Amino acid sequence: MTILVAGGAGYIGSHAVRQLIDRGERVVVLDALLTGHKASIPEAAVFYEGDLRDRELVERVFTEEDIEHVMMFAAFSLVGESTEKPLAYYDNNVHGTQVLLEAMAAHGVSSIVFSSTAAVYGEPAYTPIEESADTKPESPYGETKLAMEKMMKWCEKAYGIRYVSLRYFNVGGARENGEIGEDHNPETHLIPIILQTALGQREHITIFGEDYPTPDGTCIRDYVHVEDLIEAHILALDYLKRGEKSNVFNLGSSAGFSVKQMIEAARKITGCAIPVRVGERRSGDPAQLVASSNRAKDILGWNPQRTTIDKIIADAWNWHQRSPNGYQERVER
Ligand code: UDP
């Protein structure tokens, strides 16, 4: 079975590539390396360097490789950046998905597991958020992911392409052996910033606001371990292979942790002081985002085993210690 992993050199996609290979699947990675890392791609995967928006290249991949299923991770994913560059987000995310779906329709590939986001909900009316909640994105990023979901819905009706859209909450951690992990430039996510501070690469971490209506005043988020998250993708692939209908699932832990709780947990695990400053709120940050993942548990049989704060931080810390400068230190393949 050959699976195309679009965006397979990124943080989350690279974990999918490894788990698929562990399962004995043949994996083809297509990645433009705009934010991904060539060094994260294992020898066992076939690699095409290039962009989903490149129709000729995408056509070539589908012609040369016997693609049967697709996992789609190739997208820009920063809320703040998306408000400054909305058109770049529409171009890369929406147009890229369009070209991918065109190739799938042309080559009779009829199932896709899709990386979506909690950002499609915007500021939630209630928590934990269920899949039936209103979708009111508050950023171009969330808006483009919702547009991509809708595009797939119409492609199902027209071309019979079934999809599972997985709406991630906050993803953290790394593969347990530390060979791959999170490496963004610039880094904006909480866990790597905390750990870079622990390593002394930053003087302090700035807490973005402590006047939110939460018990300690800092934002609450729902953190899921990247390896558990990818297990849900594999279950979603099996679900589609069984011929089940398209569906949407939240992926989170159903538990919320504040920014201060995350820093405290990291202090215990790393044994480092992790100096903190309190700054202004970051625009667009909801006070609390917590998922109900019951649907994924009930229908996909998802059973996350590593999704505790301690395990997420410990595995991320292992990666950061092994690769303090991310993939820069790694030998190019
Ligand atoms: N955060 C913070 N300082 C940082 C980075 C993040 O206080 O340097 C907060 C951020 O405001 C949010 C939480 O940590 O409440 C998680 O942010 P992240 O960017 O990791 O994920 P998001 O929730 O935006 O997807």
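**Helix, sheet and domains**

Tutor: Helix α7 (residues 226-241) lies across β4 (67-72), β5 (111-117), β6 (162-168) and β11, and runs at about 165 degrees to β6. Helices (H or I, at least four residues) and strands (E, at least two) are DSSP runs numbered from the N terminus. Axes are lines fitted to C-alpha atoms, for helices over the stretch in contact, with angles from 0 to 180 degrees between N-to-C directions. Two residues are in contact if their C-beta atoms, placed from the backbone, lie within 7 Å.

This is a predicted model: local features need pLDDT of at least 70, side-chain atom pairs count only at pLDDT 80 or more, and totals for chains, interfaces and linings use all residues. Residues are numbered from 1 along each chain as its sequence is written.

Student: What is the order of the strands in the open sheet?

Tutor: Two strands pair if DSSP finds at least two bridges between them. Here seven strands with parallel pairing follow the order β3-β2-β1-β4-β5-β6-β11. The edge strands, β3 (46-49) and β11 (247-251), each pair on one side only. From one strand to the next, the twist averages 20 degrees.

Student: Which residue in β3 is the bridge partner of L30?

Tutor: The partner is Y48. Strand β2 (residues 26-31) and β3 pair in the parallel sense over four bridges.

Student: How is the protein divided into domains?

Tutor: Domain bounds come from an automatic or database domain assignment. Domain 1 covers 2-172 + 223-251, and domain 2 covers 190-221 + 254-329. The contact takes 32 residues from domain 1 and 27 residues from domain 2. On the side of domain 1 that touches domain 2, α7 gives the largest share, seven residues.
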